[in-house]
Amino acid sequence: MGLLRKIAKVGRVAEPEPTRPEVPVPQGARALAGSVQVRHVDAGSCNGCEIEVGQTFSPVYDAERYGARLVASPRHADALLVTGPVTRNMADALKACHEAMPRPAIVIALGDCARDCGVFAGGSGVQGAVRDVVRVDVEVAGCPPPPEAIVTALRTLTGR
């Protein structure tokens, strides 16, 4: 009995569900029916965004409760989550990954580097922003964007 009382005293109260995002839903997202399979591609980032993506799917932020799940193959993905500026070495690979996805293939540009090359703009190895290589549906700002912003973007796709 004493142990249960101690656990009850230090237990954490469940946080309320975040408010619904007020971001426009990209065309084609309605066909996802409440869940989205996400393929993540690092097109040349500094790995700051990857750390935040890892936190987004960790037990703390738990993006899976909103229907978002990471998958290993573009053939299983509904959405492509791209981080970093697109380097010359990754441009063709990013196009091939996008073409391998079933339609509607939704693309999320995650972070300032993916949106406009960020601090890497003008670099000799940089091809350009993600939108210069493939069509982008959703952009998430930040360097790196916090997990809350990533969860909000994924919730716009799932509608949950």
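**Starting from one alanine**

Modeller: Let's begin with alanine 141, which touches Asp112 and Arg115, leaving out residues up to four places away in sequence. A touch, or contact, means heavy atoms within 4.5 Å. This is a predicted model, in which local features need pLDDT of at least 70 and side-chain atom pairs count only at pLDDT 80 or more, while totals for chains, interfaces and linings use all residues. Residues are numbered from 1 along each chain as its sequence is written, and side-chain values use heavy atoms, with hydrogens and water left out.

Biologist: Why is alanine 141 called partly exposed?

Modeller: Buried means under 20% relative accessible area, exposed means over 50%, and partly exposed is what falls in between, using a 1.4 Å probe and protein chains only. Alanine 141 has 45% relative accessibility, so it belongs to the partly exposed group. Its place is in the loop between strand S7 (138-140) and helix H5 (147-158). Glycine 111 is 30 residues away from alanine 141 in sequence, yet their C-alpha atoms are 5.0 Å apart.

Biologist: What makes a stretch count as a helix or a strand?

Modeller: Both are DSSP runs numbered from the N terminus: helices are H or I runs of at least four residues, and strands are E runs of at least two. The protein chain has five helices and seven strands. From the N terminus on, their order is α-β-α-β-β-β-α-β-α-β-β-α.

Biologist: How do you know that the buried residues of H3 line one face?

Modeller: In helix H3 (residues 91-100), the buried ones are Ala91, Leu94, Cys97 and His98. Looking down the axis of H3, these buried residues fall within an arc of 130°, so they line one face of the helix. The arc is taken from the directions that run from the helix axis to the C-beta atoms. An α-helix has 3.6 residues a turn, so residues three or four places apart point the same way. On the face of H3 turned away from the buried side sit the exposed residues Asp92 and Glu99. Strands S1 (36-42) and S5 (106-110) are among the elements that cover the buried residues of H3.

Biologist: What makes you say that H5 is mostly covered?

Modeller: Nine of the twelve residues in H5 are buried. Among them are Ile150, Val151 and Leu154. The buried residues of H5 pack against several elements, including H2, strand S2 (68-70) and S7.

Biologist: And what is the length of H5 set against?

Modeller: From first C-alpha to last, H5 reaches 16 Å, close to the 16 Å expected. The expected span is 1.5 Å times one less than the number of residues.

Biologist: Why are H2 and H5 called roughly perpendicular?

Modeller: Their axes cross at roughly 65° and come within 9 Å. Axes are lines fitted to C-alpha atoms, for helices over the stretch in contact, and angles run from 0 to 180 degrees between N-to-C directions. Angles under 35 degrees count as roughly parallel, over 145 as roughly antiparallel, 65 to 115 as roughly perpendicular and the rest as oblique. H2 and H5 are therefore roughly perpendicular to each other.

Biologist: Is that crossing left-handed or right-handed?

Modeller: H2 and H5 cross in a right-handed way. A crossing is right-handed if the near helix is turned clockwise from the far one by less than a right angle, and left-handed if anticlockwise. Where they meet, Glu52, Val53, Gln55 and Thr56 of H2 face Pro147, Ile150, Val151 and Leu154 of H5.

Biologist: What makes the backbone at asparagine 47 worth a look?

Modeller: Most residues other than glycine have a negative phi, and most peptide bonds are trans. Asparagine 47 has a positive phi of about 80° although it is not a glycine. Asparagine 47 lies in the loop between S1 and H2. With a relative accessible area of 43%, asparagine 47 is partly exposed. Aspartate 62, in the loop between H2 and S2, has a positive phi of about 45°, again without being a glycine.

Biologist: Which residues does a cis peptide bond join, with omega about 5°?

Modeller: Arginine 103 and proline 104 are joined that way, and proline 104 is in the loop between H3 and S5. The bond from cysteine 143 to proline 144 is also cis, with omega near -15°. Proline 144 lies in the loop between S7 and H5.
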